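Work through the exercises below with the model open beside you. Try each task before you read its solution.

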Amino acid sequence: MTRLLALCALVAALLAGAATAAPSPADLEAELVCPVCGTTLDQSDAPIAQRMKRYIRQRLAAGASEKQIKAELVDQFGPGVLAEPPKSGFDLLAWLVPLGLLVAGAVGVGLIAWGWSRRRGGDEADAAPVALEPELERRVDAELRRFES
Amino acid sequence: MTGKVQRAGQVIAIAGVATLLGLLIWKVAFDNEQGAADKLAKGELVHAPAFSLDRLDREGTLSLAALKGKPLVVNFWASWCGPCKDEAPVLQQTYERYRDRGLVVLGVDVKDFREDARRFMRRYGITYPVVYDGKGSTIGHWGIQGYPETFFVDRTGKLVGERIAGAVDIERNREAFERGIALALGDQS
């Protein structure tokens, strides 16, 4: 039990360490957009993109956090510099609407599938054997006997 | 029940398609704002699109409305733009030469770091007013397609002459530059 607790503590410490680890320039370059060409910084060689990459490296070297650097660049170039919209205010809709549509779609597909399965069950119930006319049944039996002999 | 579910699904699907179609039609029909540069190129009478932006040459903001009645040379630039370096001395000389006649050269620094822009201004000895548009809010209204670009505005606030795309006062646009200044000053009609 003690070993298990120690292992859990170790995993928690590692996860916490990973969450607070200093971001690499590459991480930030993938999350920020070149304001002139519209691609992420890691995909751009435009002069302003190169300048922004230098800025990111300088600020990281000075000990600035990812959040700080992003805030500073938003102050200079506006929120359009973020590759992902912020998860607050009106921009939160950009996250919630697709999620809502996904849930609504899943519910819709589920309802349709449920409806189909019910109808199919009903069809099978409707397809119960129907009694043949006595004359027809006699002929079918005769044909089957002839076929088997 | 099954029929109702199916109908509801169909209604939702049709509503989704109709919404997307509506958005497409709206985008095509209404979201095609032409910049002032395009209108000017077609010979339309265009007023200089308004803006109010923070100044880089001093504290405070500067709006185009505050310069009403003055002929303007409006130059869109950025410190990272190579041709902007070539034309900076020409624009400063133009400002010094025509200042007494009321001409204002107005720099709009676009998509740039403020400090880089200030360093650029110090390096090239720029003393004319410069505003900062890091977000590029003026680009669409003015129809800016690259850097630098220069426009001429007369005393009534109308764009005159032609837009100069690229550095000013090089062989290919010297005439257009001088004509733009003359039109802005009212020396030509």
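**Exercise 1.** Which residues are buried in helix α4 (residues 114-123) of chain B?

*Solution.* Start with the ground rules. This is a predicted model, where local features need pLDDT of at least 70, side-chain atom pairs count only at pLDDT 80 or more, and totals for chains, interfaces and linings use all residues. Residues are numbered from 1 along each chain as its sequence is written, while chains are lettered from A and ligands numbered from 1 in the order in which they are written.

Next, apply the burial test: a residue is buried if 20 or more other C-beta atoms, placed from the backbone, lie within 10 Å of its own, exposed if 12 or fewer, and partly exposed in between. Helices (H or I, at least four residues) and strands (E, at least two) are DSSP runs, numbered from the N terminus. The buried residues of α4(B) are Ala117(B), Phe120(B) and Met121(B). They span an arc of only 100° around the axis, so they sit on the same side of α4(B). That arc is taken over the directions from the helix axis to the C-beta atoms.

**Exercise 2.** Find what the buried residues of α4(B) pack against.

*Solution.* Look for contacts (C-beta atoms, placed from the backbone, within 7 Å). The partners are β4 (104-110) and β5 (130-133) of chain B. Now turn to the face away from the buried side: Glu115(B), Arg119(B), Arg122(B) and Arg123(B) are exposed there. Then go past the helix: Gly125(B) follows α4(B), with a positive phi near 60°.

**Exercise 3.** Describe the secondary structure of chain A.

*Solution.* Count the elements: six helices and zero strands. Then check burial: 13% of the 149 residues in chain A are buried.

How values were computed: Two residues are in contact if their C-beta atoms, placed from the backbone, lie within 7 Å.
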